[in-house]
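Q: I have a model open and want to learn how to read it. Can we go feature by feature?

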Amino acid sequence: MNDTKGAPALPPALAAELDRHWIRLTLIAWVVVAIFYVWQRWSAIHWLSLGDTDDNMRLMQVRALLGGQGWYDLRNYRLNPPGGFDIHWSRIVDLPIAGLILLLRPFVGNAEAEKLACGIAPLIPLAVTLLGIGATVRRLVAPTAWPLAIVFMMGSTVALLMFMPDRIDHHGWQLAMLSLTVAGLCDPRGPRGGAMVGLASAVSLTIGLEMLPYCAMAGAIIALRRVWDAAERQRLLTYALALGGGCAAGFAIFASEANRVMRCDALTPIWLSVFVAAGALLALLAMASPRRRSVRLALAVAAGAIIVIGFALLFPQCLGRPEQVSDELYNNWLGNVREAKPIYRHPLRVGLPLMALPTMGLIGALIATWRARRTPSALGWACVTLFAVFAIAMLLWQVRAGPAAQVLAIPGVTALGWLILPWLLRHRSLFVRVFGTVAVFIAISGLFAGLALQWFPIDRPKPYVQRVNRATGRCLTLPAMDPLNRLPRQTIFTFVDLGPRLITLTHHNAIAGPYHRNGDAILDVQHAFKRSPAEARAIMKRHGATLMLVCPNMAESTVYRDRAPGGFYDRLAHGETFDWLQSVPMPKGSPLRLYRIR
């Protein structure tokens, strides 16, 4: 589609500047956006409002590294002491956070350096994402279309949240690698595009396996391009070498000691062998030069079959749940994680804004693909459309695919906007130019979904849900936790979802966090709160806990009351006292309840 038909009538000098200096101008736009969000969220940065358990654990991982813990030792020894808590991540995402802390610490002190690093670090992958999206729309829509893509990206709901200050976990970096993957697929220079897709996939897989389906989809698309067009040989070859070599390097440099065993949930020897073998087979496929397309297709199918069948025969333990958790832990916890449920099992208030942008992106990609069917950009648009369809299908599996689906929608909505908005802006009617343009932009960007939820009583949260959300938020704040630092350091028995925040904001230890490799500790916490008081005390003593901390009406507490009526926590919540628990005073108005375990 890469043409100027329907494009805004820009002055030639301005169009030339936007085309020639697009990287520099994109980075300038990113700096402006970054400064705005740091200013807007300064209060959250000041109070170290790491709202997700993963963000808290990421900071703890960085603290351990800067405190002298080994590069390949990623256990957190503040959870479930003295053995510690196994974390299946890598150090890649730790590096920019640690670098910012080291850079800022001499000027503002360690505590303030941590807060600033947590505020700035998530915005770094946003720059990469904007560059990746910009490269894609320049190649497929028009050389000057990248500013419109930035505008649409700033209007995304879930995807943009992954780059906000204090969102320091790995999701932003994986979205950045996904944007580079799409840019590489659309690159007219085959070797460069293949290398970009391979390296971006390798980095993403080294960070974590969440994007494995998208990486597999990218590899399949490149292989099919080679099947369709023999001239795509170099793209496939560089992709194969970059994927296999990149994953091998990622494993050697970043795989922790705990990830050098036969596990299914990270870049372990299992997945390393899969990716290296896939790279080798695809390289052989690229070097083979059969003239007939049917023969190339047969070879590609054979290579895929070898990988799939070999994986099933050699690693059957990974055919089920990659987390390899027990049935009890899956039924009581992992199977109930909200982000792991399909979009149709979520309330309309969650699903509508999440689905709006990907739907518009798919519509735009389909229209653009049809318009480009006889142009050189047709293959690029076919790749974007396939990814858009795949992303929406992923939402029907797990709602955690939402951010990726929104990023993948940006090229499609940019093409749609590039086609419709200029016509409206040139309309003779002032009413159409103003209100029509605004209305169409709101529709194309998917913002209509969020506005509808604000203006109309659509699936409003019930008072009970609001009360639970409010209680959860209050208990996780720095002012709520800070009084605990007045007590001598000790091990505190608390909720699973409260553990990571407790060890981040206080000097105390905790028992568990929501991480599947530590199923026994998670189940111990669940058993203690759901079973009899005597069993609860025995479990707490076994873990060496001397204090118990609870947050009434926190989301996790409602589960214990609902699933175990008459259990220890349910009785405690109803005001029953126990001779082995002594209430410890907390400041007036504190949302937390603290007890000494006798």
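A: We begin with a definition: a disulfide is a pair of cysteine sulfur atoms within 2.5 Å. The structure holds 2 disulfides. This is a predicted model, in which local features need pLDDT of at least 70, side-chain atom pairs count only at pLDDT 80 or more, and totals for chains, interfaces and linings use all residues. Residues are numbered from 1 along each chain as its sequence is written, and side-chain values use heavy atoms, with hydrogens and water left out.

Q: Which cysteine does C264 join, and what is the handedness of the link?

A: In general, a disulfide is a covalent bond between the sulfur atoms of two cysteines. Here C264 is joined to C318, S to S 1.9 Å. The angle about the S-S bond is -75°, and the link is left-handed. C264 sits in the loop between helix 13 (233-254) and helix 14 (269-287), and C318 in the loop between helix 15 (293-314) and helix 16 (327-332), so the pair ties together parts that are 54 residues apart in sequence. Helices (H or I, at least four residues) and strands (E, at least two) are DSSP runs, numbered from the N terminus.

Q: Are C264 and C318 buried or exposed?

A: Both C264 and C318 are buried. Buried means under 20% relative accessible area, exposed over 50%, and partly exposed in between (1.4 Å probe, protein chains only).

Q: Which cysteine pairs with C475?

A: C475 is bonded to C551, S to S 1.9 Å. This link is right-handed, with 85° about the S-S bond. C475 lies in helix 22 (residues 463-475) and C551 in the loop between strand 2 and helix 27 (555-563), so the pair ties together parts that are 76 residues apart in sequence. C475 is buried at a relative accessible area of 1%. C551 is buried too, at 0%.

Q: What pattern do the disulfides of the chain follow?

A: Count the bonded cysteines along the chain: the pattern is 1-2, 3-4. C215 is in no disulfide, and its nearest cysteine sulfur, that of C247, is 8.0 Å away. C247 is likewise in no disulfide. C215 is buried, with a relative accessible area of 9%. For C247 the value is 0%, also buried.

Q: How do I read the buried side of a helix? Which residues of helix 26 are buried?

A: An α-helix has 3.6 residues a turn, so residues three or four places apart point the same way. In helix 26 (residues 533-542), the buried residues are P533, A536, I539 and M540. They cover an arc of only 125° around the axis, which puts them on the same side of helix 26. The arc is that of the directions from the helix axis to the C-beta atoms. Turned away from that buried side is a face with the exposed residues A534 and R542.

Q: What covers the buried residues of helix 26?

A: The cover includes strand 1 (492-493), helix 25 (519-530), strand 2 (547-550), helix 28 (568-573) and strand 4 (593-597). Contact means heavy atoms within 4.5 Å. Just after helix 26, G544 takes a positive phi of about 75°.

Q: At what angle do helix 10 and helix 12 cross?

A: Axes are lines fitted to C-alpha atoms, for helices over the stretch in contact, and angles run from 0 to 180 degrees between N-to-C directions. The axes of helix 10 (residues 171-185) and helix 12 (residues 212-228) come within 11 Å and cross at roughly 5°. That makes helix 10 roughly parallel to helix 12. Angles under 35 degrees count as roughly parallel, over 145 as roughly antiparallel, 65 to 115 as roughly perpendicular and the rest as oblique.
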